[in-house]
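Okay, everyone, let's get started.

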Amino acid sequence: AFLSGIVTTAVLQSSSVVSFITLAFVGSGIILLQNAFAVLLGANIGTAISNFVIATLGFSMNIEVIWYPLLGTAGILLIAFENNKKIHQICSFAIGFSFLFIALSFMKNGMLDSVKNFDLSAYASYPPVAFVVIGFIMTLLIQSSSATVAITLSALYAKAISFELAVAIVVGSELGTALKLLFGTAGGFPEKKRLAVGSIILNLLTTVFATIFLQPLIRLVTITLNVNDPLIGLVVFQTIINVLSAL
């Protein structure tokens, strides 16, 4: 169950989808509650893997050269082979994957323009705890920790925020992404509510401990592991706290 949570989230690029599918399965008795918890633990790590792909491919490659041709080719094949189920699924995946990185390009360019037009240095004086709260609120509103991390990577790429504040936002997103399960438990079975509450408790503890040990974790990434690229470092940080949480 744990490994399936990792793989499924990495493939689907969304821990939210995996979480709601798991919620439905445990509510209908298809899987046990303990296995459902294991899937969600794996989904947290799978999200970090997805973000690693974004951090490497989304900022190191020219979006126009790769993803627009892929989008066009997949669209043409989707129409030409609409009766072929396998090709249809592959093309649909390629289109969705292309839109993910095209959207990332818009966020990246928008953040670069924001740095030029607005003075963001005033916010840099805020304590990291304030950015933990910002990460929590952002994720709660947009219901996607991956989107929060993508926005944070864009801000970090544009040098709008420091690495320390970026990791604080990621810490806050851990709790924000867990609250979405409450929306799927209204009028549901007790097992669904237990899964949602358990996920919230787990992510709350992860957020609290990651906030307390924020500086040692940052030193672990930047000094011990010697990760020089801040974008990769941010994803490595997220992976570490999710692995520790799972353990």
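**Starting at Asn242**

So, leaving out residues up to four places away in sequence, Asn242 touches Asn44, Ile45, Ala48 and Glu174, where a contact is heavy atoms within 4.5 Å. Asn242 sits in helix α11. Helices here are DSSP runs of H or I with at least four residues, strands are E runs of at least two, and both are numbered from the N terminus. Is Asn242 buried or exposed? Asn242 is buried, with a relative accessible area of 2%. The cut-offs, with a 1.4 Å probe and protein chains only, are under 20% for buried, over 50% for exposed, and partly exposed in between.

Before I go on, a caveat: this is a predicted model, so local features need pLDDT of at least 70 and side-chain atom pairs count only at pLDDT 80 or more, while totals for chains, interfaces and linings use all residues. Residues are numbered from 1 along each chain as its sequence is written, and side-chain values use heavy atoms, with hydrogens and water left out.

Okay, zooming out. The protein has 11 helices and 0 strands. Of its 247 residues, 45% count as buried. Take the contacts with a separation of 6 or more: 76% of them are between residues 24 or more positions apart.

Now the inside. In general, nonpolar side chains in soluble globular proteins tend to be buried together. I'm calling something a nonpolar core if it's a set of buried Ala, Val, Leu, Ile, Met, Phe, Trp, Tyr and Cys residues joined through side-chain atoms within 4.5 Å. The largest one has 32 residues, and Leu234 and Phe237 have the most contacts inside it. The elements giving two or more residues to this core are α3 (33-60), α6 (128-142), α7 (145-157), α8 (163-176), α10 (214-224) and α11 (230-246). What does Phe237 touch, not counting residues up to four places away in sequence? The answer is Val167, Val171, Leu214, Leu217, Ile218 and Val221. Apart from that core lies another, of 9 residues, among them Trp67, Leu71, Ile95 and Phe101.

Arg194 is partly exposed at 48% relative accessible area, and Glu191 is partly exposed at 26%.
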